Amino acid sequence: SSCNADHKTAIYLADAAGSSAPRQLAQLNGYAKEMQWSPDGKHLTFLYVEGATRPSGALAAEKPPSGVIGVEGLEVQRVASVDASRGQPTQMTPPHLHVFEFDWSPDSSRLVYVAAPPPGENNWWIAKLYTQQPNQEPTAILDPQTVTGSLHGLQIAVPRWSPDGQRIAFIGGLMSDQCSTGGDIYVMPASG
């Protein structure tokens, strides 16, 4: 919410029963969306563009380009997390990948996400599937541009872990813009 005295975006926690007033968990400097708890309940995780001047995505109005076009002033969407007990936000994914969608493994030890190099507004169509332990280097486990078979050259979306953490399911298809998801369901080993 930005409904506070200084109109800055912050994350608040509220008791589901409404028995107490919401408390501020963390203050942010940017645009956040798609919040979800880690399965262990220790972290609130979300897509975050630190210092954002606008919502992320190809359908949002762009800011006027300046500087070296395509290099300077890029707003990169990453997975960020707030520790529920301390409230300090941290970036979990690297700054060289624009993350579009993510999911936690059932044991809260790894992320799976769809990402591409920035600028994200131009690269949704060439995104790869990555896995990563929090704050470690990511591993690309699927590149639709190089894979053989029915998925070759298509887009991927909505990655989800299996309940046992052994497989990852996702949608693969010919899609236009992000959020216009359609195609077939694919399943692959979490190891790639």
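Start by selecting D164 and R167, whose side chains meet in a salt bridge at 3.4 Å, N to O. The term salt bridge stands for a side-chain nitrogen of Lys or Arg within 4 Å of a carboxyl oxygen of Asp or Glu. D164 is partly exposed, with a relative accessible area of 44%, and R167 is also partly exposed, at 38%. Here buried means under 20% relative accessible area, exposed over 50%, and partly exposed in between, with a 1.4 Å probe and protein chains only.

This is a predicted model, in which local features need pLDDT of at least 70 and side-chain atom pairs count only at pLDDT 80 or more, while totals for chains, interfaces and linings use all residues. Residues are numbered from 1 along each chain as its sequence is written, and side-chain values use heavy atoms, with hydrogens and water left out.

Next, select residues 155-161 and 167-173. These are strands β11 and β12, which pair in the antiparallel sense over five bridges. Strands (E, at least two residues) and helices (H or I, at least four) are DSSP runs numbered from the N terminus; two strands pair if DSSP finds at least two bridges between them. Pick Q155 to find its bridge partner, G173, in β12. Five residues lie between the strands of this hairpin, and G165 takes a positive phi near 75 degrees.

A169 has V187 in β13 as its bridge partner.

How many salt bridges does the structure hold? There are three. For another, select R86 and D83, whose side chains meet at 2.9 Å, N to O. R86 is exposed, with a relative accessible area of 66%, whereas D83 is buried, at 12%.

Then select D143 and K128, a salt bridge with its closest N and O atoms 3.9 Å apart. D143 lies in the loop between β10 (139-142) and β11, and K128 in strand β9 (residues 128-132), so the pair ties together parts that are 15 residues apart in sequence. K128 is partly exposed, with a relative accessible area of 28%.

Finally, show the whole protein chain. One helix and 13 strands are present, in the order β-β-β-β-β-β-β-β-α-β-β-β-β-β from the N terminus on. Of the 192 residues, 43% are buried.
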